Amino acid sequence: MEDKEALQLIKNMTVGSKHSFDQFYETYIPFVFQIAYHMLGDYSEAEDVSQDVFLEVLQKIDQYDPKKGSVKAWLAVKTKSRCLDRLRKKRPVLVNRLEKMAREKEQGADMAFLEQIEKKIIFDALTHLPEAQREAIVRSYFNGETHREIAGAMEKPLGSIKSLIRYGLNNLRKQKNIVHWVESNGGDGK
């Protein structure tokens, strides 16, 4: 659908045309869902976000301004914003898992197996970090080195090591694949 047709649908929607909204929905739901699914990685959550986006479109259709961008750009911004809201509400975060892994010493065979899987996921995520951040996090969380020891080994000031670890953890939080893993419900089906 070209923007000209979309603009006509929007114009009709502002005066309450349900038929135009239905047509608008059918045209753009695959686009909105694709963005939501890409960001959330969960089919049902992507459906929920898509419904929220179209509900907002229906309620606030008069907010669309063609001078600010295309209809698709407007929908993409709304969808990304709703996805980010949803991701921000999720807990726990990766840092908690890293710290938990560092604290736990003895576990049963099942827990050890799960820990191996978690470590593999974390190491995969670490490969996307800059080398210095990755090295500082691995030394701190997996090798058990103190920040001072890491500073000596990496020949950097102590403050730089703390910054590398902090930035590295922040970068890990930003990785949406990690967010999906971190926000696992632990298999309880909820």
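Guide: A crossing is right-handed if the near helix is turned clockwise from the far one by less than a right angle. In this predicted model, the crossing of helix 3 and helix 4 is right-handed.

Visitor: Why are helix 3 and helix 4 called oblique to each other?

Guide: Their axes cross at roughly 130 degrees. Angles of 65 to 115 degrees count as roughly perpendicular and those over 145 as roughly antiparallel, with the rest as oblique; helix 3 and helix 4 are therefore oblique. The axes of residues 43-59 and residues 71-89 come within 10 Å.

Visitor: Which residues make the contact of helix 3 and helix 4?

Guide: Helix 3 supplies Glu 45, Asp 48, Val 49, Asp 52, Val 53, Glu 56 and Val 57. From helix 4 come Trp 74, Leu 75, Lys 78, Thr 79, Arg 82, Cys 83 and Arg 86. These residues divide into seven charged, six nonpolar and one polar.

Visitor: What makes a set of residues a nonpolar core, and how many residues has the largest?

Guide: Buried nonpolar residues must be joined through side-chain atoms within 4.5 Å. The largest such set has 28 residues. Phe 24, Tyr 28, Phe 54, Val 57, Val 71 and Leu 75 have the most contacts inside it. Helix 1, helix 2, helix 3 and helix 4 each supply at least two residues, and helix 2 gives the largest share, eleven.

Visitor: What is Phe 24 in contact with, leaving aside neighbours within four places in sequence?

Guide: Phe 24 is in contact with Leu 9, Ile 10, Met 13, Phe 54, Val 57, Val 71 and Leu 75. A second, separate core has 16 residues, including Leu 126, Ile 137, Ile 161 and Ile 165.

Technical notes. Residues numbered from 1 in each chain as written. Predicted model: local features only at pLDDT ≥ 70, side-chain atom pairs only at ≥ 80, totals over all residues. Heavy atoms only, no water. Axes fitted to C-alpha atoms, helices over the stretch in contact; angles between N-to-C directions. Helix = DSSP H or I, 4+ residues; strand = E, 2+ residues; numbered from the N terminus. Parallel < 35°, antiparallel > 145°, perpendicular 65-115°, else oblique. Contact = heavy atoms within 4.5 Å. Nonpolar A, V, L, I, M, F, W, Y, C, P; charged D, E, K, R; others polar. Buried < 20%, exposed > 50% of the residue type's maximum accessible area, 1.4 Å probe, protein only.
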